[in-house]
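Hello,

Here is the structure I promised to pass on. Please look it over first; my notes follow below.

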Amino acid sequence: MIEARKPPIRQTGPVAWARRNLFGGIADTIVTLVGGALLVWALYSLLTWVFTGAHWEQVWNNLKLFAVYRFPTHLLWRPFTMVALVMFLLGIGAAGDKYESLIVRGVFRWFMYAAGALAVVGLVFWPSVRFGWLAVALAGMAGLGLGTVVPSVRRLLPWLWGASVVVAFLLLYGVFEDGPLVRVSTRLWGGFLLTLVLSVVGIVVSFPLGILLALGRRSDLPVIKVACTAFIEVVRGAPLITWLFIASLLVPLLLGLSDPDSISALARSMVAVTLFSAAYMAENVRGGLQAVPRGQVEAARALGLSGWQTTLLIVLPQALRAVIPAIVGQAIGLFKDTSLVFIVGLFDFFNVADVVANQPASLLVPGGIRLELSLFLAVVYWFFAYRMSAASRQLETQLGVGVR
Amino acid sequence: MSAETIQRTALGSQQRIPFYRNVRTIGVLAQVVFAVVLVAAAYVVYHNVTTALRSANLPSDFGFLDQRAGIPLAETPIRYTGENSYGRAFLIGVLNTLKVALVGVAFATVLGVVIGVMRLSRNFLMRGFATVYVETLRNTPLAVQIIFWYTAFLTPLPPRILNAVRLPGGALFSNQGVALPWPYPSYHFGAWVPYLVAAVAIGAAVWWLRRRQLRLADRPGNAFGPGLLAALVVAVAGYLLVGKGSLPSGAATAFRETSGVVTVFRDLNGDGVKQFLEPFIPFAAVTARVAEGGLEVQTQNLVESRRYVYGRFYFPPFQESEFEEVEVTFADPEAAAESDLAIHFFQFPSRGVVYRDRDGDGAWDQGEELDPDAPSPRGFSAAVRLSFTGFERTLVANRNGEARIPRFATTFAASESRGANVSPAQLFAPPAAAGGGEDEEEPLQAEFTIQTSRPLVWSKPTIPISNYDGGVRLSTNYLALLIALVVYTASFIAEIVRAGLLAVPNGQREAAKALGLSDSQAFRFVIFPQAMRVILPPLISQFLNLTKNSSLAPLAAYSELFAISIIIANQTGATVPVTLMIIAAYLTISLLFALVLNIVNARMALVER
């Protein structure tokens, strides 16, 4: 008689998973045990510090500074309207089903979570902006609803985004000397608002500039080619912080302005950020241009399209589509790099932390609160950058880049 | 098609295209217009800048580079004093950039490869850790990370300088940074130089011969190893042969007891005093002996690791073996006995706490250092005195021929003259200078013997007063910047390494297995070399990024190229020349990296055939 054999080792379920992924061999087991112990210890100390040791009062008390710095409190409805507008448009975009809207959807969903959380916190704790975040969340929902119910709105999106830039500028900067749309000096701008303004302006304006530079670099005309190549390589050769510094010193000199203050620090750093970003954008676009097969150009010329038509209608759309992930990556990089405007004395999100760290109440805490502040900054920056990169990765999978 | 049409077409082709529709003419014209606009713009800019500079009376040429800088710099890889020029200060900036960039590149590569390989590990924990590492660090600004590390060092999470940790090998670690033992060329180094030259020559010869031999035999092999080995053998043999030389003629020491500094110099006129023109001897080893003396400090209440610590006293870190006899007592024993105070040592004789033994168990318990009668909780205030006989310590002078011993005193002023509240700045002031009876003062009996040494002298760091002396010091600023750059860049390198490893087709792995290679052999000989081809180009551009990112040094108060340039621009007002120098420096670095990248790419392409 054949003896009954033992059942085979399970290949599914948590135990099998642990055996495969944690205890694959002797070395693996040792690594798991030692590493696990270290990890638990590190997590435990971090969490103990975060929940019992750290002093978060100063961060909590200064959230307005972090958000908008010295933007007048009674005019806070203006940035809120702007954010609501952006969420509304994002919502419309997220309703789409094309793959381009995937990235929008990824970003939109998480921004909605954030807005929802802030709405709840706001309702409970922040009387001055009690309904601001609620309005933002509702605007997002309205956008999503509108985009789903009336899909034809989505075709208007490019125009809507264009218009929103103008509206956002009017809202932030103001129009009149008096009244509800009173002008707000850029010296009062700051915090996360400034970080967003700088990175959005940097990426949006550098986009067409970068395309021009990339086309110039691939041009057959030697003078233009040399000039574009020189610009790109020189700008990329030195770090952004030096360009910011140089812009803050030299822009008034270059323009021959007698009064250096007639051009604001914000405008100077925008020039630096945009030109710097344009040089990197040019290299990204060039990569895309090189990826377009020659046959496409030849076919277009054979169809009788002119040089401009070939570039605008055939080459660029394909080239840009290929480099969307790279451009998102650059946007993330720029978003992080705007923290360098501390060098020209702008109080962006990063630099506000320095202001808060030097407040008398912060100095009373033994050892200061810079550790808490840097952790807080890191988490906020991380949230936005990570959402963007996760969305871009999704898009990459969708496009099939990297899978062969 | 009618004959007429054909004729017209033929005619048309013979006609010349009008020049304004000729592509080539348009191209040339466009370029001319572009060039003219560019030149005009450049002229306007030039005109504006020169006018503005002239009207503001700011320098517009590089003449300021020879002027005295007077910038105090903490970290100087080459000799620098406030008397040196702006040019030299800028050079120090460049060297400091290279110092952080090269070391950073090396560590970032190692860490990046480790994390990248971990991301592909079978082990879930390692994989998860690496993923979290990459996703967290890549997506937070480097500026925030620099601030984090800098704060983590300065918030006394690691110990203060008074409480420095002695690591194995003689390294010291505190919130002032790390001090490592370091070899320096002594006065005897010159004798070794011929051997070093010979070592390089012989090494190169062996390398060349071996390579030729391998090429003739048409065998693969490594010619670099034998060459390096030959060079090393010659160099080491030379080092041993040279041995210890005699001291330079007239080598002498001068001691300033107020600062505890001993200067090693060549006493040309034999008067035993350091004259202005008498040269000092850098990196000389000196044995200091103090027959008898002491130190006195006041207890302190401090914040350490964000906690208040009370009633602590700190002497500069001594080892018991440095003394013949040493004793730590209260400066005023009667007063201490009256209030039942006692001393508990954390490390004899340097660190301890003053307490009152309230529970009578004869040992210090947490809380007993607090004075219950004080209005707000604080430790007992008492002066503590260290007295010794026979102190001996071997020091190595720095590049200015100076070494330090603690500022010992022979006699002590009456303890009443020292107030209960001693500021930290006064803490290590020589007690004799702190006031009190002048008649009791007598000079400290310190003897210094200069040691003969081999071509290299091993300098170990000490803490004579309240900062490091000797060895090589990596400041907190440097370490914070370095760690931030390494940890940040490693997250990018890890992704590059992962992509490179994934780019190797799976068939290669299987083929290696089929040939009977072990896992590690397959990795070392099959997978990694092929992955390197994908990894290297983006890796080198990450190296360049790290170098450029070192310009965030002002956040950690580290003086590299950019930080020093800002100071120079602010002091001289020479903004335009300084900006040109910054751009030129970074472009040179970028070009060097581009050159390396091109060479690597060319070699890779050759290997591929």
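Bear in mind that this is a predicted model.

In β12(B), B:Arg356 is the bridge partner of B:Leu341. Strand β12 covers residues 351-356 and runs antiparallel to β11(B), with 6 bridges joining the two. Both belong to an open sheet of 4 strands in chain B, ordered β8-β9-β12-β11 with antiparallel pairing. β8 (300-304) and β11 (341-347) of chain B each have a single partner strand, so one side of each has no neighbour in the sheet. On average, neighbouring strands of this sheet are turned by 50° against each other, direction ignored.

Now the interface. Chain A brings 59 residues to the contact and chain B brings 50. About 4500 Å² is buried between the two chains, and carbon and sulfur atoms give 73% of that. Of the area that chain B buries against chain A, 16% comes from B:Gln31, B:Asn139 and B:Arg306, more than from any other three residues.

What about polar links? There are 10 residue pairs in polar contact between chain B and chain A, both residues at pLDDT 80 or more. The rule finds 1 salt bridge across the interface. B:Glu135 forms a salt bridge with A:Arg393, with the closest N and O atoms 3.4 Å apart.

Several helices of chain B give two or more residues to the side touching chain A, including α4 (124-138) and α13 (575-608). α2(B) gives the most, with 10 residues. That side of chain B divides into 31 nonpolar, 13 polar and 6 charged residues.

Best wishes

Notes
Residues numbered from 1 in each chain as written. Chains lettered and ligands numbered in written order. Predicted model: local features only at pLDDT ≥ 70, side-chain atom pairs only at ≥ 80, totals over all residues. Heavy atoms only, no water. Pairing = 2+ DSSP bridges. Axes fitted to C-alpha atoms, helices over the stretch in contact; angles between N-to-C directions. Contact = heavy atoms within 4.5 Å. Buried area = accessible area lost by both parts, 1.4 Å probe. Salt bridge = Lys/Arg side-chain N within 4 Å of Asp/Glu carboxyl O. Polar contact = N/O pair within 3.5 Å; in protein donor to acceptor, adjacent residues only side chain to side chain. Nonpolar A, V, L, I, M, F, W, Y, C, P; charged D, E, K, R; others polar.
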